[in-house]
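Student: I'd like to work through this one by asking about it. Could we go step by step?

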Amino acid sequence: SGIAKKYGTTVTALATANSITNTNVIYIGQKLKIPATKTLTSAVISQYAKGVIDGKYGNGSTRRKNLKAALQAAGYTGTDTQIDKIQAKVNELIMY
């Protein structure tokens, strides 16, 4: 998970890109392909933020889990940083 985090991707995406079946085993010197991920633009952040406000992803920890799954299904990494950016946009939108 450290490699995935370092490169802004997921363990699943790394495993898929490298045909790895056991994600607990990599070898010293093994070269890994880093899969490309989509960039979370401000327009996309706004789109997901509006979905959060509309209740599309639930509440609390369920919201984070559902939002992460939705982001990953759309080709984004769904990292905590991405979710935090969406939450910040939610806070901005509900303040005005």
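Student: Which residues does glutamine 82 touch, not counting those up to four places away in sequence?
Tutor: Start with its place: in this predicted model, glutamine 82 lies in helix α5. To touch is to be in contact, meaning heavy atoms within 4.5 Å. With residues up to four places away in sequence left out, the partners of glutamine 82 are Leu40, Leu71, Tyr76 and Thr77.

Student: How should I read the numbering, and what kind of model is this?
Tutor: Residues are counted from 1 along each chain as its sequence is written, and side-chain values use heavy atoms, with hydrogens and water left out. Local features need pLDDT of at least 70 and side-chain atom pairs count only at pLDDT 80 or more, while totals for chains, interfaces and linings use all residues, as this is a predicted model.

Student: Is glutamine 82 buried or exposed?
Tutor: Relative accessible area decides this: under 20% is buried, over 50% is exposed, and in between is partly exposed (1.4 Å probe, protein chains only). Glutamine 82 has a relative accessible area of 12%, so the word for it is buried.

Student: How many helices and strands does the chain have?
Tutor: Both come from DSSP runs, numbered from the N terminus: helices are H or I with at least four residues, and strands are E with at least two. Along the sequence the pattern reads α-α-α-α-α. The tally is 5 helices and 0 strands.

Student: At what angle do α3 and α5 pack?
Tutor: Two packed helices are described by the angle between their axes and the distance between the axes. The axes are lines fitted to C-alpha atoms over the stretch in contact, and angles run from 0 to 180 degrees between N-to-C directions. For helix α3 (residues 42-53) and helix α5 (residues 80-95), the axes are 8 Å apart and the angle is about 65°.

Student: What word describes α3 relative to α5?
Tutor: Angles under 35 degrees count as roughly parallel, over 145 as roughly antiparallel, 65 to 115 as roughly perpendicular, and the rest as oblique. With an angle of about 65°, α3 is therefore, relative to α5, roughly perpendicular.

Student: How do the residues of the contact of α3 with α5 divide by class?
Tutor: From α3 come Ile45, Ser46, Tyr48, Ala49, Lys50, Val52 and Ile53, and they meet Lys85, Ile86, Lys89, Val90, Leu93 and Ile94 in α5. Ala, Val, Leu, Ile, Met, Phe, Trp, Tyr, Cys and Pro count as nonpolar, Asp, Glu, Lys and Arg as charged, and the others, Gly among them, as polar. The residues of this contact divide into 9 nonpolar, 1 polar and 3 charged.

Student: What covers the buried residues of α3?
Tutor: The buried residues in α3 are Val44, Ile45, Ser46, Tyr48, Ala49, Gly51 and Val52. What covers them includes α4 (60-73) and α5.

Student: Which residues of α4 and α5 make their contact?
Tutor: These two helices pack at about 110°, with axes 10 Å apart, so they are roughly perpendicular to each other. On the α4 side are Arg63, Arg64, Leu67, Lys68 and Leu71, and on the α5 side are Asp80, Gln82, Ile83, Asp84, Ile86 and Gln87.

Student: How far apart are the C-alpha atoms of glutamine 87 and serine 46?
Tutor: Glutamine 87 is in helix α5, and at 28% relative accessibility it counts as partly exposed. Along the chain, glutamine 87 and serine 46 are 41 residues apart, yet their C-alpha atoms are separated by 9.8 Å.

Student: What is phi of serine 19 near?
Tutor: Serine 19 lies in the loop between α2 and α3, and it is exposed, with a relative accessible area of 66%. Most residues other than glycine have a negative phi. Serine 19 has a positive value, near 50°.

Student: Which residues does asparagine 18 touch, not counting those up to four places away in sequence?
Tutor: Asparagine 18 is in the loop between α2 (11-17) and α3. Its relative accessible area is 16%, so it is buried. Leaving out residues up to four places away in sequence, asparagine 18 touches Lys31, Leu32 and Lys33.
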